[in-house]
Amino acid sequence: MSRKTATPDEVAAKLTAFLKRSHNAKSVRVDNVRLLTGGASRQTWSFDATIEHADGRTETLTLIARADQRQNVGSMTRATEYRLLEAAHAGGVPVPRVHLMGDDSLGAPFFLMERVDGETIARRILRDDEYKGARQKMTAQLGEILAAVHRVSIDRHGLTSDLAGPLAGKSPAESELQRIEETFRSIAPEPHPAFELAIRWLKARLPASGEPVLVHGDFRLGNLIIGPEGVRSVLDWELAHVGDPMEDLAWVCVRSWRFGNDQLPVAGVGQREDLFRAYEAAGGRAVDATAVHWWDVFGNLRWGVICIMQARAYLDGLSKSVELATIGRRTAETEWELLNLMEGSVSG
Amino acid sequence: MQDRPSYDELLAAVEHFLDTEIVPNVPGSRGFHARVAANAIRIVRRELSNDEEQLAAEWSGLDAVLGPAEPPAGREELRSALRERNEALSTLIRGGDADDGETARKVFEHVQRTVRDKLTVTDPALLERS
């Protein structure tokens, strides 16, 4: 299963040939190829392409190639992600513009999209003076963006059957809980009584839900490109699915994405009420505080299971990354948060 | 018995090297991974100094929930027996036996204590903030 990462030179040669073919270009030069961090299971390459077209016109594009490092069962295909980015753009969500769907040049499914400059490193966004203005605007922007995400017409873009959705006869909440519980049971190398308590708590309190919508599924600091003026682009759509809009409103408030700014639940920059107000004002669904609390608990459970999953990639020998190895020890922080969120409603 | 430096002193040297020589001088993802590596060493150092005490505390906490039992001798045997007892605790919770009443309170407090112990090793700063 494990595949050695291609070198930048290998990737440059393959992308050069691909772009030359796709643009029917006289010549193509690919420079500055580098593997970006983040997206542990999949690869994201950044590069510049100077294209000399058949008519003599020359342009330089700053691009990103998103490729699958390994094909995970049930994960979104690159072709779906490409069309989802098109749909999100059409719906007014700030996303990178797609450039070309790939072929088999890289030996793995891929597509190209524009590279949006800006900051993704959470600590800089939350600490540096440069982003002070952005921090003041972000909470409202995040609410407005989520309202746009939840209004994207997946039917009109033919995405309904390509995206994961609620299980037959079950609500989004019940379906997502069942999925995360199954994942937990199949991958956890050791028992986690704190997660057992959380699963029990969640099963007893399933929220009612309205019409399912497009949910980004990983809407948080780290997956947003920020400039001094605010949010520039929403990245990492590979966990998008059809579900309960309250899920995104809660996920962006998971404590781990506050990076120490504990008193500012919305991505470490703002208050929930301001997020909810902006979301509703921009045409989002009516916010149900009880449901959001349920998704808060669910979100911490989910992040905990993801920590285990990432550590499993190391434990199973798929990766030797020190980052994946140590993330296994971050499971405890999600357990702690779960206990805090449940306290009062569990102790008899 | 090995000579000085002790394992903790050796790890401290590696941690210092990563923090002062590598992290500030290596840009990009490699520098980030050096930061992660230095943090992994801090976790290991805290674990080595707390391990024995924490395993014993977890065992006696489980005694209060599952009924008393004699801990096995030897660190690895103790770990493996703790794992089994945590499976038993998980089964008890899954079966609804810790949903309410006295058992719920005891189980919750025990789980809270063991998670706190894990965090004193993996992320003590988080505990200080909460």
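Me: How many residues of chain A are in contact with chain B, and what counts as a contact?

Reply: Two residues are in contact if their C-beta atoms, placed from the backbone, lie within 7 Å. In this predicted model, 22 residues of chain A are in contact with 32 residues of chain B. The elements giving two or more residues to the side of chain A that touches chain B are α6, α10 (322-327) and α11 (331-342) of chain A, and the largest share, 6 residues, comes from α11(A). Helices here are DSSP runs (H or I, at least four residues), numbered from the N terminus. The residues on this side of chain A divide into 9 nonpolar, 5 polar and 8 charged, where Ala, Val, Leu, Ile, Met, Phe, Trp, Tyr, Cys and Pro count as nonpolar, Asp, Glu, Lys and Arg as charged, and the others, Gly among them, as polar.

Me: What are the conventions behind the names and the model?

Reply: Residues are numbered from 1 along each chain as its sequence is written, while chains are lettered from A and ligands numbered from 1 in the order in which they are written. As the model is predicted, local features need pLDDT of at least 70 and side-chain atom pairs count only at pLDDT 80 or more, whereas totals for chains, interfaces and linings use all residues.

Me: At what angle do helix α6 of chain A and helix α3 of chain B pack?

Reply: Two packed helices are described by the angle between their axes and the distance between the axes. Here α6 (residues 193-203) of chain A and α3 (residues 75-94) of chain B pack at about 5 degrees, with axes 9 Å apart; the axes are lines fitted to C-alpha atoms over the stretch in contact, and angles run from 0 to 180 degrees between N-to-C directions. From α6(A), Pro193(A), Glu196(A), Leu197(A) and Arg200(A) meet Asn86(B), Leu89(B), Ser90(B), Ile93(B) and Arg94(B) in α3(B).

Me: Which residues have the most contacts inside the largest nonpolar core?

Reply: In soluble globular proteins, nonpolar side chains tend to be buried together. A nonpolar core is a set of buried Ala, Val, Leu, Ile, Met, Phe, Trp, Tyr and Cys residues joined through C-beta atoms within 7 Å; buried means 20 or more other C-beta atoms within 10 Å of the residue's own, exposed 12 or fewer, and partly exposed in between. The largest core has 104 residues, and those with the most contacts inside it are Ala198(A), Leu249(A) and Val252(A). Helix α9 (residues 289-315) of chain A gives the most to this core, 14 residues. Leaving aside neighbours within four places in sequence, Ala198(A) is in contact with Val297(A), Leu301(A), Leu338(A) and Met342(A).

Me: Is Phe259(A) buried or partly exposed, and what is its phi?

Reply: Most residues other than glycine have a negative phi, and most peptide bonds are trans. Phe259(A), although not a glycine, has a positive phi of about 50 degrees, and it counts as partly exposed with 17 C-beta neighbours inside 10 Å. Ala267(A) also has a positive phi, of about 55 degrees, but Ala267(A) is buried, with 27 other C-beta atoms within 10 Å. Phe259(A) is found in the loop between α7 (246-251) and α8 (272-281) of chain A, and Ala267(A) is likewise in the loop between α7 and α8.
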